[in-house]
Amino acid sequence: MFLLFILLLIPLNGYADNPCQDLSNEGCSATAGCYFENVCTQCTKSHYCPAGELNRKKCSDLGDGTFTLSDIGATEEEDCYKMLGCDNNGTLVNNCKYYYREYQSGIPAVYCGGDDDPNAHIEDNSCYMNERDCSAFDTNSCTGTKTGKATYLPEPDMQKWSVQNCKCKEQNVNDTTKHCIATKNYTASGTVANVGGTINYTLSNYYCTGCIGGHYVTPDDITPQQYCQAPSGNIKVCKCTPVNQGYYMSSCSFGYPLSSQPSSCVTPTPCPAGQTTDGTGATSLTECHFTGETQFCDAGGCFTLDEIQGTYYINPSEWTPAN
């Protein structure tokens, strides 16, 4: 009895899955997805069977001849497709269907993972997923780390990449205009025409994390400036100031959050007694030297190095302290 029940189910399921079964010649012709060959048969792969036609038609006869595939029961030429591999940030995604209907429409979408979800498209005869890492595009305005994804806009009047979610961060940048070691954040806007296009990033904010050599932080350097934003807290360093003549300072750094002026990068080192530098912004002790005005005094009186240069034929800047 159980075996008989199973055998009865098989033709019932087969009938349900095959709408063409047992149709008459006229009924077969009137039913899309069916064709007549001795009996009414469901349209086979790589063919399509429109209503009003007795015979099946080859997909390979359409267009440029490359749309050679279809699924069982295809009803019209738009159901024909070809398989493509799509570039997903350099990784090939297989099993993507490019339908003849998209080829005809001029908006070439490729369906990956579902026939109702065109999540890829064609550019210059190559296939690309509709989301792409911002880092996969060229840029000439930010050399840092790119994050976010660009999204393809398939509308007929667009067909471009929206890059409004793209961001770029540059760290440890020697900013010669602010005289500081900076972290800079950039954002993008608008669209890019194709995957070979260039994203232009615009500075959104920055903050200093240290001073380049020869500079230090003064109270004025933590006052608000355009684009300067703290990563945490309200205090931020927006620039550094050249050290005064007679002082020096190597590059330095500090961290956030800041509750006031940072404790580092604030105290330049003075040159040894009697020495100075050629100007502001000295970076090391080696820039400290004596000058012709350097004065030496003892019980017998005072003299300058200029006054004894003719005696010893030594330029004042070449004198060094005795150990």
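Me: Where is Asn89 found?

Reply: Asn89 is found in the loop between S5 and S6. Labels like these come from DSSP runs numbered from the N terminus: a strand is a run of E with at least two residues, and a helix is a run of H or I with at least four. Please keep in mind that this is a predicted model: local features need pLDDT of at least 70 and side-chain atom pairs count only at pLDDT 80 or more, whereas totals for chains, interfaces and linings use all residues. Residues are numbered from 1 along each chain as its sequence is written, and side-chain values use heavy atoms, with hydrogens and water left out.

Me: How many helices and strands does the secondary structure of the protein come to?

Reply: There are four helices and 24 strands.

Me: How many bridges join S5 to S6?

Reply: The general idea first: two strands pair if DSSP finds at least two bridges between them. Here S5 (residues 81–88) and S6 (residues 91–99) run antiparallel and are joined by seven bridges. Asp87, for one, has Leu92 in S6 as its bridge partner. The two strands form a hairpin with two residues between them, and Asn89 in that turn has a positive phi of about 55°.

Me: Is Asn89 buried, partly exposed or exposed?

Reply: The classes rest on relative accessible area, with a 1.4 Å probe and protein chains only: buried is under 20%, exposed is over 50%, and partly exposed lies in between. Asn89 counts as partly exposed because its relative accessibility is 28%. Across the protein, buried residues make up 35% of the 323 residues.

Me: Which residues does Asn89 touch, leaving out those up to four places away in sequence?

Reply: A contact means heavy atoms within 4.5 Å. By that rule Asn89 touches Arg132, Asp133, Ala136 and Lys149. Take Ala136: the two C-alpha atoms are 6.4 Å apart in space, although Asn89 and Ala136 are 47 residues apart in sequence.

Me: With which side chain does the side chain of Asn89 make a polar contact?

Reply: With that of Asn88, at 3.3 Å. A polar contact is a pair of N or O atoms within 3.5 Å; within protein, one must be able to donate a hydrogen and the other to accept it, and residues adjacent in sequence count only if both atoms are side-chain atoms. A polar atom of the Asn89 side chain also lies 2.9 Å from the backbone nitrogen of Asp133.

Me: Which four strands form an open sheet, and in what order?

Reply: The order is S10-S12-S13-S16, with antiparallel pairing. S10 (131–133) and S16 (191–192) each have a single partner strand and stand at the edges, so one side of each is left without a neighbour in the sheet. Further in, three bridges join S12 (residues 149–153) to S13 (residues 160–162), and Tyr152 stands opposite Trp161 in S13.

Me: How many bridges join S6 to S7?

Reply: Three, and S6 and S7 (residues 109–112) run antiparallel. In this pairing, Tyr98 stands opposite Val110 in S7.

Me: How many aromatic pairs does the count come to?

Reply: Rings of Phe, Tyr and Trp (its six-membered ring) pair if their centres lie within 6.5 Å; planes under 30 degrees apart are stacked, over 60 edge-to-face, and the rest tilted. The count comes to ten. One of them is the edge-to-face pair of Tyr99 and Tyr111, with 5.4 Å centre to centre and 85° between the planes. This pair links S6 with S7, its members being twelve residues apart. Tyr99 counts as buried at 4% relative accessibility, and Tyr111 is buried with a relative accessible area of 9%. The pair of Tyr207 and Tyr256 is edge-to-face because the ring planes stand at 80°, with centres 5.4 Å apart. Separately, Phe67, Tyr98, Tyr100 and Tyr103 form one aromatic cluster.

Me: Which residues touch the most other members of the largest nonpolar core?

Reply: A nonpolar core is a set of buried Ala, Val, Leu, Ile, Met, Phe, Trp, Tyr and Cys residues joined through side-chain atoms within 4.5 Å. The largest one here has 19 residues, and Val217, Val237, Phe254 and Cys265 touch the most other members. S15 (180–188) and S17 (201–211) are the elements that give two or more residues to this core, and S17 supplies the largest share, four residues. Beyond four places in sequence, Phe254 touches Cys208, Thr209, Gly210, Val217, Val237, Pro262, Ser264 and Cys265.
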